[in-house]
Amino acid sequence: MAAKKILLLTGDFAEDYETMVPFQALQMVGHTVHAVCPGKQSGDKIKTAIHDFEGDQTYTEKPGHLFALNASFDAVDAVDYDALVIAGGRAPEYLRLNPHVIELVRQFARADKPIAAVCHGAQLLAAADVIRGKRISAYPACAPEVRMAGGEYAEIEVTAAVTDGNFVTAPAWPAHPQWMAQFLQLLGTEIKL
């Protein structure tokens, strides 16, 4: 397996697990991962939030960890990366307002590079208009956005993920085992013990 170079797009109040777990897991299997946030430089820290499912109408939110970015958003060029990971949480709601973020997502989609999005990450996919005709999962509150962007909302278990073409999507962090496994398969990653 050739190691891949992966861009992880995150932001303030991204979901803690949905930022840290893919960042660490992808490095663990030998890939290079650059975590970036618009307006931030390598070494800057973002605040994360921990979202939990405790029987309420929606998730609860608690302060997460500070997460140190290891690359600068302004230096990112999609051509230099093999794949894109979009963290969920509240960050995508704001990141989708940034025209540079939208263009970056479009560049990955046009190049047919693997894109993994979890939870509210589908908000970026919808805003970038790259999911027409694709089966996309997301946090259930994002279903209307997926549908309005021409995607088919995949209503799956919170522990499941779905792959359609170059997109791997999941409803939330409980799906990490399936989401990461499907993304690694799309990347062509082989794990030998």
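Student: In this predicted model, what makes β7 and β11 count as paired strands?

Tutor: Strand β11, residues 167-170, is joined to β7 by 4 bridges, and the two run parallel. Pairing requires at least two bridges, so β7 and β11 qualify. Within this pairing, A170 in β11 is the bridge partner of V118.

Student: How do you know that β6 and β7 pair as well?

Tutor: Strand β6, residues 83-86, is linked to β7 over 3 bridges in the parallel sense. The requirement is at least two, so β6 and β7 are paired. One of the residues involved is I86, whose bridge partner in β7 is A117.

Student: Which way do the residues of β7 point, and are they buried or exposed?

Tutor: β7 covers residues 115-118. I115 and A117 point one way, A116 and V118 the other way, and all are buried.

Student: Why is the contact between E145 and R96 called a salt bridge?

Tutor: The closest N and O atoms of E145 and R96 are 2.4 Å apart. The limit is 4 Å between a side-chain nitrogen of Lys or Arg and a carboxyl oxygen of Asp or Glu, so this pair meets it.

Student: What makes R96 partly exposed?

Tutor: The relative accessible area of R96 is 26%. Buried means under 20% and exposed means over 50%, so R96 falls in between and is partly exposed.

Student: How many salt bridges does a search of the whole structure find?

Tutor: The search finds 6. Among them is the one between E103 and R110, at 2.5 Å from N to O. That distance is within 4 Å, so the pair counts as a salt bridge.

Student: What makes N98 buried?

Tutor: N98 lies in the loop between α2 and α3. Its relative accessible area is 19%, and buried means under 20%, so N98 is buried.

Student: How do you know that the side chain of N98 makes a polar contact with H100?

Tutor: A polar atom of the N98 side chain lies 2.8 Å from the backbone nitrogen of H100. The limit for a polar contact is 3.5 Å, and this distance is within it.

Student: What phi does F13 have, and where does F13 lie?

Tutor: F13 has a positive phi of about 65° although it is not a glycine. F13 lies in the loop between β1 (5-9) and β2 (14-15). At 33% relative accessibility, F13 is partly exposed.

Student: And what is the phi of D112?

Tutor: D112, also not a glycine, has a positive phi of about 60°. D112 is placed in the loop between α3 and β7.

Student: Why is D112 called exposed?

Tutor: Its relative accessible area is 53%. Exposed means over 50%, so D112 is exposed.

Note on methods
Residues numbered from 1 in each chain as written. Predicted model: local features only at pLDDT ≥ 70, side-chain atom pairs only at ≥ 80, totals over all residues. Heavy atoms only, no water. Buried < 20%, exposed > 50% of the residue type's maximum accessible area, 1.4 Å probe, protein only. Polar contact = N/O pair within 3.5 Å; in protein donor to acceptor, adjacent residues only side chain to side chain.
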